[in-house]
Amino acid sequence: MKKVISVVLSLLMIFSSLSAFALDIDDAYAEFKAAHPDFINSLTSAGIAEETIVSFIKDVYDYIQEIDSYTPVTRSNFEEHAITAINRVSAREKYIPMQDTLIILYPDAIKLAVTQGKVSAEFKPLVETIKTILFGKESTDSGNDGGGGAGGASNEDKGEKDEVPPEVKPEVIVSPFNDVSTSHWAFPAINHLTKNIILNGYLDGTFKPENNITRAEFAKIIVSATDTFDIDATSSFSDVPQDEWYYSYVSAAYKMGYITGYPDGSFNPNANISRADICTIVHRAIKDSIMKNQNIQTFTDDSLIPDYAREAVYALASAGIVNGYDDRSFAPTTFATRAQTAKIIYSALFE
């Protein structure tokens, strides 16, 4: 994704430099395609329509404009905000197929981009060249006034801009989802995981925190969060065919020993996953590093915890990764919600 992001940045800057965005988008895309045919061909060959790629870039552009409304986007911080926008937009439901394709095509590049958030050196000259088109060169021509902010080249953005930074407004934390406020108990977890493309939102701008997670979805989440995705991994579950989107994720989780499936050889990928099973899988992923630091009383519904999950549930509870309810129950057989899943993954691997 590091290489991918640098390429997307290049196209984004071409679009941003156009005075009539909607009218000139086809010409800008043609210019980009001519400069990067291999990148475009890799996506279209995998079934991603060029219309989707163009739509993605425009949505990223719009997201940067939104960022600019509360935090000035300048030459010096453009790449940082553009990468944030790319990560956010790619997590939207309509771009999940493209996101999955990029993960398969560029697994190492995605890891580098998500963990370091930098543009690759090989594309740096191109990015800098197009950034000049966007923000303009230092000029002594005082009559050349352009637009401001992220959408045009103003005198403020030229020359002295990088040497004398403008006054920066206090950072405003804004939720990317219309159904998860910044005060939501799971917001830090949801915000972090969606920003890092571990969880996705929906096309309508929601996260649906109370929806459940399927076993296939959780396989993707755990290998993405632990950075153990392996496109070459294989598995032979009777109900996980190789042409399903989740095959590589389930296979990677199986290879790592995070999942084992059922005695009959099935995995039941489309079934919702229980709180006990999430604990079991997460515990397998972090058991060598987990720190048990709390004395945990037995949950009132301890008898409902499956034998295979008991050690995991209490280990994660002792480490403060999972909690019971106010009545001291754990509800191990209850299906986990998306918010609960985000909180457990975030607490186990990122706090």
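Select Phe 207 to begin: Phe 207 is buried, at 0% relative accessible area. Buried means under 20% relative accessible area, exposed over 50%, and partly exposed in between, with a 1.4 Å probe and protein chains only.

This is a predicted model, where local features need pLDDT of at least 70, side-chain atom pairs count only at pLDDT 80 or more, and totals for chains, interfaces and linings use all residues. Residues are numbered from 1 along each chain as its sequence is written, and side-chain values use heavy atoms, leaving out hydrogens and water.

The structure has eight aromatic pairs. Rings of Phe, Tyr and Trp (its six-membered ring) pair if their centres lie within 6.5 Å; planes under 30 degrees apart are stacked, over 60 edge-to-face, the rest tilted.

Phe 177 and Phe 207 form a tilted pair, 5.3 Å centre to centre, with 50° between the planes. Phe 177 is also buried, at 12%.

Next, select Phe 299 and Phe 330. Their ring centres are 5.1 Å apart and their planes meet at 35°, so this pair is tilted. Phe 299 is buried at 3% relative accessible area. Phe 330 is buried at 1%.

The charged end of Arg 275 sits over the Phe 330 ring, 4.4 Å from its centre. A charge sits over a ring if NZ of Lys or CZ of Arg is within 6 Å of the ring centre and within 35 degrees of the ring normal.

Move to Arg 215. Arg 215 lies over the face of Phe 267, 4.5 Å from the ring centre.

Last stop: select Phe 229, Trp 245, Tyr 246 and Tyr 249, which form one aromatic cluster.
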